[in-house]
Amino acid sequence: MPSQRDHGSVLFKTKLITGQNGHTSPLIWLLAFICTIIAIGVIIAGIIVFVGYFIIHPRVPTISIENAHLDIFKNDYAGLLQTQITIVVVAQNGNAKAHATFSHIRFNVSYQNHDLAVLVADHFEVPKNSSKYLKYVVQASSIPLNPDQMGDVDYSWKRDLVGFDLQGDARTQWRVGPLGSLKFRCNLECTLKFHPWNGSYIPSKSCTSKSK
């Protein structure tokens, strides 16, 4: 009869799978061997990636605005804006020991909360210590502006400074060994500034991607 202190307790019995002779089943030894091999493989792969990372001394791939030009920027009395921008984007791989791949490139260009265009590119590879240039021509016409926005356009002409917002990201990857790779996401968010009187671009350090 169970004692009062045992009331409500539940006891579980454990049993090791054994063979007919009382020894551990060969199936258990096989599973243990397979798990050991998998664990060793994961450790080796981690070591390869870790060592490879420090051997190549990586400089994270970047995407930045190399140059730009404001080709057209004008509005009519009805408050419709017409603009054209030429944008040169550079994808740079500053690593001397590994090729870099860029993919899922997508950047949105807007003005006064009006979306003008989306810049995209197919997957491509940049060789060691090299770069690739992407040229875009953004054209937009008949963009409706409210009175406040029309006033901003006039003020831009007066101070000879106008800005367009660019925001987006891209994915990059390095192969650092037969079993591993390093992946990054390049985020780019900046304001493209121009002198509207001559269309010249004002470079900014903020127009270089940040990786994570």
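Reader: What percentage of the residues of the protein chain count as buried? After that, please look closely at the disulfide.

Author: The model is predicted. Of the 212 residues of the protein chain, 33% count as buried. The chain has 2 helices and 10 strands, and along the sequence they follow the pattern α-β-β-β-β-β-β-α-β-β-β-β.

Now the part you asked about. The count of disulfides comes to 1. The bond joins C190 to C207, with the S to S distance at 2.3 Å. C190 lies in strand β8 (residues 180-195), while C207 lies in the loop between β9 (200-202) and β10 (210-211), so the pair ties together parts that are 17 residues apart in sequence. The torsion about the S-S bond of C190 and C207 is about 100°, and the disulfide is therefore right-handed.

C190 has a relative accessible area of 6% and is buried, because the cut-off for buried is under 20%. C207, with a relative accessible area of 1%, is buried too. C186 is buried, at 0% relative accessibility. C35 counts as exposed, at 51% relative accessibility, because exposed means over 50%.

The partner of R185 is D169, and the closest N and O atoms of the pair are 3.5 Å apart. Side chains of opposite charge can pair when their charged atoms come close.

Strand β7 covers residues 162-177 and includes A170. A170 is buried, with a relative accessible area of 0%. Its C-alpha atom is 6.0 Å from that of S103, although A170 and S103 are 67 residues apart in sequence.

The buried residues of α2 are Q149, V153 and S156. Seen down the axis of α2, these buried residues fall within an arc of 60°, so they line one face of the helix. An α-helix has 3.6 residues a turn, so residues three or four places apart point the same way. P147, D148 and K158 are exposed on the other side of α2.

Helix α1 (residues 26-55) holds I37. I37 counts as partly exposed, at 45% relative accessibility. I37 also belongs to a nonpolar patch on the surface, formed with L27, L30, L31, F33, I34, I38, I40, V42 and I44. Together the residues of this patch have about 940 Å² of accessible area.

To return to the part you asked about, the disulfide runs from C190 to C207, with C190 buried and C207 buried.

How values were computed
Residues numbered from 1 in each chain as written. Predicted model: local features only at pLDDT ≥ 70, side-chain atom pairs only at ≥ 80, totals over all residues. Heavy atoms only, no water. Patch = residues over 30% accessible without salt bridge, like charges linked within 9 Å, V, L, I, M, F, W, Y side chains within 5 Å. Areas by Shrake-Rupley, 256 points an atom, 1.4 Å probe, with all protein chains shown as cover. Salt bridge = Lys/Arg side-chain N within 4 Å of Asp/Glu carboxyl O. Helix = DSSP H or I, 4+ residues; strand = E, 2+ residues; numbered from the N terminus. Buried < 20%, exposed > 50% of the residue type's maximum accessible area, 1.4 Å probe, protein only. Disulfide = S-S within 2.5 Å. Arc of directions from axis to C-beta.
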